[in-house]
Amino acid sequence: MTDSDASGRLVRPFALTGGRTRPSRADFTLITTVTAVDPPPELAPRPQAEQSRILRRCARPVAVAELAALLDLPVSVVVIMLCDLLEAGLITAHPPRPVSPRTPDLDLLQKVREGLGRL
Amino acid sequence: MAGSDPLATETAGTPAAPDTVKILIAGGFGVGKTTMVGSVSEIAPLRTEEPLTVAGLGVDDLAGIEQKRATTVAMDFGRITISDELVLYLFGTPGQQRFWFMWNDLAVGALGAVVLIDVRRPESSFAAVDFFERRRIPFVVAVNGFEGHHPYPAEDIRESLALPEGIPVVLCDARRRESSRDVLIALLDLLIAAAVE
């Protein structure tokens with residue numbers, strides 16, 4: 001659970017979100033991948049310390065659940081912060097592959113099956 | 001430009017994100033869900049903890065837990081990179097009965113599920129079987145032996161769970177990577193068979 005972020009955290013998690021407990025957008029799932037925009041847009045607001053931690057963690061694409069685990073924060077807190085970063089244009093969000101039992105994606109299933117077979 | 005619609009555009013300097021899918025590993029408390037996730041994941045299982053009061057609950061969901069406002073629900077998960085374009089996540093569902101309501105969120109968008117059963121106390125996973133049956137989420141049943149031993153044939157387990165014929169029952173050892181992988185393959189074979197029908 002611990003990582004190289006030795007800065008520690010002395011604030012309660014929801015203090016990081018200004019007391020908000022719900023995100024402004026609902027499009028972040030546990031396996032939505034987020035990636036820091038590089039270079040950041042010129043007009044973007046300067047990220048706060050905790051936002052910078054997130055941006056460092058998603059220099060490469062990373063799933064929301066992984067980000068929360070690596071930052072040792074609840075997913076709900078991370079999602080609220082990601083909403084801010086998304087609205088500031090500092091990250092992109094890539095939604096999961098849509099899955100519907102009624103219209104199964106055979107190609108996708110076969111790819112997963114083959115990948116497991118290689119393990 | 002980069003900031004105009006971040007969901008629609010992936011800008012030039014930003015690495016392309018892979019597609020992601022997930023499979024749930026469910027079952028009663030202590031049946032070996034995290035062990036299975038860990039044996040087949042390419043990373044050590046990660047854990048996220050969610051304070052219950054902010055997990056998107058209606059008031060009814062909180063009945064009976066008012067005394068424990070600090071309760072958190074923990075979820076372990078792992079990752080299998082299928083290719084540069086596709087990553088599979090495995091989520092161990094919270095084992096405690098009162099946290100079922102979290103499964104609805106977890107279950108949305110899952111390819112399917114593995115219901116893991118402890119061969120010594122299969123009844124601890126009955127609720128998980130019910131959950132996926134009722135929601136028509138495809139699943140396989142994996143019987144985790146005790147120290148790798150399997151005293152009962154798969155058919156006995158099927159009978160004790162009153163499982164329909166179409167649901168595969170696989171004997172496994174959640175500690176072993178190949179065994180856990182074979183359980184996931186059994187699930188994918190079930191999904192593929194349903195897809196080509």
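Analyst: In this predicted model, ring pairs join Phe77(B), Tyr89(B) and Phe91(B) into a cluster; rings of Phe, Tyr and Trp (its six-membered ring) pair if their centres lie within 6.5 Å. Local features need pLDDT of at least 70, side-chain atom pairs count only at pLDDT 80 or more, and totals for chains, interfaces and linings use all residues. Side-chain values use heavy atoms, without hydrogens and water; residues are numbered from 1 along each chain as its sequence is written, and chains are lettered from A and ligands numbered from 1 in the order in which they are written.

Over all chains the count is four aromatic pairs. The ring centres of Phe77(B) and Phe91(B) are 5.3 Å apart with planes at 25°, so this pair is stacked (planes under 30 degrees apart; over 60 is edge-to-face and the rest tilted). Phe77(B) lies in strand 3 of chain B and Phe91(B) in strand 4 of chain B, 14 residues apart; strands are DSSP runs (E, at least two residues), numbered from the N terminus. Both Phe77(B) and Phe91(B) are buried, that is, under 20% relative accessible area (1.4 Å probe, protein chains only). Phe132(B) and Phe139(B) form a tilted pair, 6.1 Å centre to centre with 40° between the planes, and both are buried.

Turning to the interface, 51 residues of chain B and 46 residues of chain A are in contact (heavy atoms within 4.5 Å). Three salt bridges cross between chain B and chain A (a side-chain nitrogen of Lys or Arg within 4 Å of a carboxyl oxygen of Asp or Glu). One of them joins Asp19(B) and Arg97(A), at 3.0 Å from N to O.

Terms used. Helices (H or I, at least four residues) and strands (E, at least two) are DSSP runs, numbered from the N terminus. Buried means under 20% relative accessible area, exposed over 50%, partly exposed in between (1.4 Å probe, protein chains only).
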